[in-house]
Amino acid sequence: MRYLTDRKRATGKGAAHTGTEHHWSMTVSAVALAFMVPTWLYIFGHALGAPRAEVLATFARPFPAILTALVLVVSMRHFAKGSTTMVQDYAKGTALKAGIVFVYSLAAVIAATGLYALIRIAL
Amino acid sequence: MAEATGSSKRVERPLSPHIQIYKVQITSVSSILTRITGHALMAGVILGVWWLTSAAVSDEAFATANAVVTSWFGKLVFTGSLWAIWYHYLAGLRHLYYDAGHGLEIKTAEMLGWVCVIGSVVLTLLTLLIV
């Protein structure tokens, strides 16, 4: 008689060992972006190319500001995680580690800069 | 086991999936395009965030960013990004559909690939008309 359950014996035996959490995180952020992006495209597309006063007026309003902040944070997280998968596919060793650090840093810098702009416009 | 004894040399095996002789299909092309558009979108994101930050900072900074954004280069980047967004959007929805266990028959999968390609172009043109 086996004392370990089937689940216990199977866990960690897959080729990748991990990944369920990553996949689920991508699924959740994808659904969130699917709901937010069309409206955000409309707002951002309208502001693009407009005079500065109009741009400031748009992003000073609560809805465009909050939506843009959400799209920034969620999409940059979605990018960092998705890009990590690409780096894992094409690089190994030090290049793999450096690549993951790079994509996460790039995503963080972009999100932080965008949020700074939104806060400064709101104040 | 024979390779392991005697010589420590690694056996050179061909790499899958044989890129030199690989026959591309709509399913593989539409899959790699998802990755390419996802990464290429960063060009539009960086330009967009720079433009927004310049608006927050000063008139001079905005004048520079606005000139770039409204130039042929800016229009090229944003139009390209718009298509990339819609492509990545449709391919992402397709991914969710696949994940739920649907649309995996070859005929359906191939059809969905074309839906992504054609649909993204249609949605890009529609967005350009509306916005």
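Guide: Chain B has an average pLDDT of 88, and 89% of its residues score at least 70. pLDDT is the predictor's confidence in each residue, on a scale from 0 to 100. This is a predicted model: local features need pLDDT of at least 70, side-chain atom pairs count only at pLDDT 80 or more, and totals for chains, interfaces and linings use all residues. Residues are numbered from 1 along each chain as its sequence is written, while chains are lettered from A and ligands numbered from 1 in the order in which they are written. For the complex, the predictor gives an ipTM of 0.86 and a pTM of 0.85.

Start with the layout. Chain B holds four helices and zero strands. Helices are DSSP runs (H or I, at least four residues) and strands are too (E, at least two), numbered from the N terminus. Among the helices of chain B, mean confidence is lowest in α4(B), residues 106-130, at 93, and highest in α3(B), at 95. Of the 131 residues of chain B, 25% count as buried. A residue is buried if 20 or more other C-beta atoms, placed from the backbone, lie within 10 Å of its own; it is exposed at 12 or fewer, and partly exposed in between.

Now the meeting of the chains. Here 25 residues of chain B are in contact with 25 residues of chain A. Contact means that the C-beta atoms, placed from the backbone, lie within 7 Å. Three elements of chain B give two or more residues to this side: α1 (26-57), α2 (59-70) and α3. The largest share, twelve residues, comes from α1(B). By type, this side of chain B has 15 nonpolar, seven polar and three charged residues. Ala, Val, Leu, Ile, Met, Phe, Trp, Tyr, Cys and Pro count as nonpolar, Asp, Glu, Lys and Arg as charged, and the others, Gly among them, as polar.

α2(A), residues 20-47, packs with α3(B), residues 72-99, at an angle of about 145 degrees, and their axes are 10 Å apart. Axes are lines fitted to C-alpha atoms, for helices over the stretch in contact, and angles run from 0 to 180 degrees between N-to-C directions. From α2(A), T27(A), A30(A), A34(A), V37(A) and L41(A) meet I85(B), Y89(B), G92(B), L93(B), L96(B) and D99(B) of α3(B). The residues of this contact are eight nonpolar, two polar and one charged.

How values were computed
Two residues are in contact if their C-beta atoms, placed from the backbone, lie within 7 Å.
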